[in-house]
Amino acid sequence: MNKSIVSIVKYEEPLESLRKAIQLSNGFEQLPSKAKVFIKPNIVYWNRHCDIPKWGVITTSRVIEDVIILLKERGIDDITIGEGIVSEDPKDTETAMDAFEKLGYNSLRDKYGIKVINTFERPFEKIELTEGLTAKMNADMLHSDFLIDIPVLKTHAQCVVSLGIKNLKGLINIASRKKFHSADPIKNLHYNVAQLANKAPPCLAIIDGIYTLERGPAIDGKAHRGNILVASTDIFSADVVGANLLDIDPSVVPHLVQAAKDRNRPLDLSDIEIVGEKIVDLASPHEWDYIYSNNNTLPLPYQKAGISGIKYHKYDETMCTYCSGLNGILLTAIKQAWKGEPYDDVEVLTGKVMKPTPGMNKTILVGQCIYNANKDDPNIKEMIAIKGCPPSVEEVQSALKQADIKVPSYIFKNIDKAPLLFMGRYKDNPEFEESFYQVN
Ligand code: SF4
């Protein structure tokens with residue numbers, strides 16, 4: 001049996017650590033000499049109004065620059081970095097511009113003569129990922145000769161892990177992203193995510209574990225300094241090894257289970273040859289799930305704080321990324337509004353499939369999807385619909401008012417700067433270096 005090679009290397013120094021990871025994995029073996037190369041980092045979130053914790057959330061600019069140097073050494077000139085950052089407004093080009101500037105991508109462009117693209121300003125092509133599943137995907141990547149996929153070594157609240165395969169979701173358009181969070185119980189988010197690499201050109205997956213993330217994928221997760229690099233020309237094998245390094249059994253990652261089935265591969269490591277470091281020496285436990293209590297109707301910390309008179313059901317996989325951001329804002333607002341008096345039997349429904357509980361006084365429906373699913377439900381006494389896809393923060397604010405949840409005004413006034421709350425966790429900790437996200 002031909003085993004897939006995956007290298008694991010400790011990150012010790014710029015360039016040489018990555019060179020070793022790529023050499024050990026024969027990562028450039030399938031790279032044609034005059035290849036058109038597409039680099040896909042992971043910039044899952046960006047905020048141009050304030051600093052955000054990037055550790056474990058965003059691919060380090062250090063690894064991106066090292067990849068470019070190693071490609072240049074091989075005489076590769078046609079290099080593109082492309083990303084489609086999640087943003088509420090598809091016409092918002094400023095957020096991507098700001099990210100590319102502050103992460104040093106524009107400096108990389110000037111220094112090495114590469115291209116940097118916001119995929120939302122480039123053509124998408126409709127492709128059939130598998131029978132019955134189409135998506136509109138970035139044409140630059142599809143027409144490149146070689147893909148270098150550089151996710152972060154991180155967990156994901158819905159997908160359990162977000163590694164090489166999942167990182168490619170950032171290359172499909174907004175409508176496809178929403179569609180991926182399907183209400184179909186079989187062809188669901190996990191099934192769809194498992195198909196993302198099906199039409200990609202030959203690929204080298206490099207998992208950037210200089211920083212890792214618990215309860216990812218975004219800035220509210222908990223980052224750790226991991227100093228790990230993983231490389232493989234087999235994206236599935238890289239992900240299986242990545243999950244193991246997060247101490248997560250791939251058999252509990254639904255999209256990896258599906259990807260294994262589709263590829264007729266085992267989920268253990270029996271058909272993978274690991275070179276370099278051993279998993280057992282570098283793996284560390286990473287929590288991925290958010291724990292809810294009362295039959296999944298209240299986040300555990302809310303129950304511990306004594307919050308009552310409200311059912312806020314645990315998010316499910318049908319809630320897409322665009323409503324997820326608002327979900328976080330709603331939860332924070334409800335916690336900050338709590339003054340010790342029970343709320344008025346309020347229920348909050350999100351995603352596409354939740355159903356109202358009989359006997360509640362007020363039902364907040366977050367987003368057009370859940371409104372469409374429940375607008376005629378007789379179990380709803382007073383409906384508070386936050387329509388929109390995604391809804392606006394203003395609509396969220398007035399819905400909470402209607403539900404008699406009195407949120408302190410500072411919550412919404414400073415919403416653009418909310419990420420600063422999470423920066424505090426890393427303050428004065430020398431392990432968390434901003435310089436990994438800068439280019440000199
Ligand atoms: S309403 Fe929310 S969950 Fe539904 S597609 Fe729109 S943004 Fe996504």
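The following questions and answers concern a predicted model.

Visitor: On what basis are residues numbered, and which pLDDT values apply to this predicted model?

Guide: Residues are numbered from 1 along each chain as its sequence is written. Totals for chains, interfaces and linings use all residues, whereas local features need pLDDT of at least 70 and side-chain atom pairs count only at pLDDT 80 or more.

Visitor: What radius of gyration does the protein have?

Guide: The radius is taken over C-alpha atoms, and the globule rule is 2.2 Å times the number of residues to the power 0.38. The C-alpha atoms fill a box of roughly 65 × 45 × 45 Å along the principal axes. For 440 residues a compact globule would have a value near 22 Å, and the protein agrees, with 22 Å.

Visitor: What share of the residues of the protein count as buried?

Guide: A residue is buried if 20 or more other C-beta atoms, placed from the backbone, lie within 10 Å of its own; it is exposed if 12 or fewer do, and partly exposed in between. Of the 440 residues, the buried share is 45%.

Visitor: How many residues of domain 2 are in contact with domain 1?

Guide: An automatic or database domain assignment divides the protein into domain 1 (4–288) and domain 2 (292–407), with centres, taken over C-alpha atoms, separated by 33 Å. Contact requires C-beta atoms, placed from the backbone, within 7 Å. Eleven residues of domain 1 meet this condition with residues of domain 2, which number ten. On the side of domain 1 that touches domain 2, these residues divide into nonpolar (Ala, Val, Leu, Ile, Met, Phe, Trp, Tyr, Cys and Pro), polar (the others, Gly among them) and charged (Asp, Glu, Lys and Arg), numbering three, four and four respectively; the count for domain 2 is ten.

Visitor: What is the order of the open sheet of four strands?

Guide: Helices (H or I, at least four residues) and strands (E, at least two) are DSSP runs numbered from the N terminus, and two strands pair if DSSP finds at least two bridges between them. Strand E15 (310–312) and strand E18 (382–386) are the edge strands, each pairing on one side only. Strand E17 (residues 362–366) pairs with E18 over five bridges in the parallel sense, with Thr 363 opposite Met 383. The pairing in the sheet is parallel, and the order is E15-E16-E17-E18.

Visitor: Which helix lies across E17 and E18?

Guide: Angles run from 0 to 180 degrees between N-to-C directions, with axes fitted to C-alpha atoms, for helices over the stretch in contact. Helix H13 (residues 321–337) touches E15, strand E16 (346–349) and E17, making about 145 degrees with E17. The helix across E17 and E18, running at about 165 degrees to E18, is H15 (residues 393–402).

Visitor: Is Met 141 buried or exposed?

Guide: Met 141 is found in helix H5 (residues 139–142). Not counting residues up to four places away in sequence, Met 141 touches Phe 38, Lys 40, Gly 82, Leu 147 and Leu 171. Because Met 141 has 24 C-beta neighbours inside 10 Å, this residue counts as buried.

Key. Contact = placed C-beta atoms within 7 Å.
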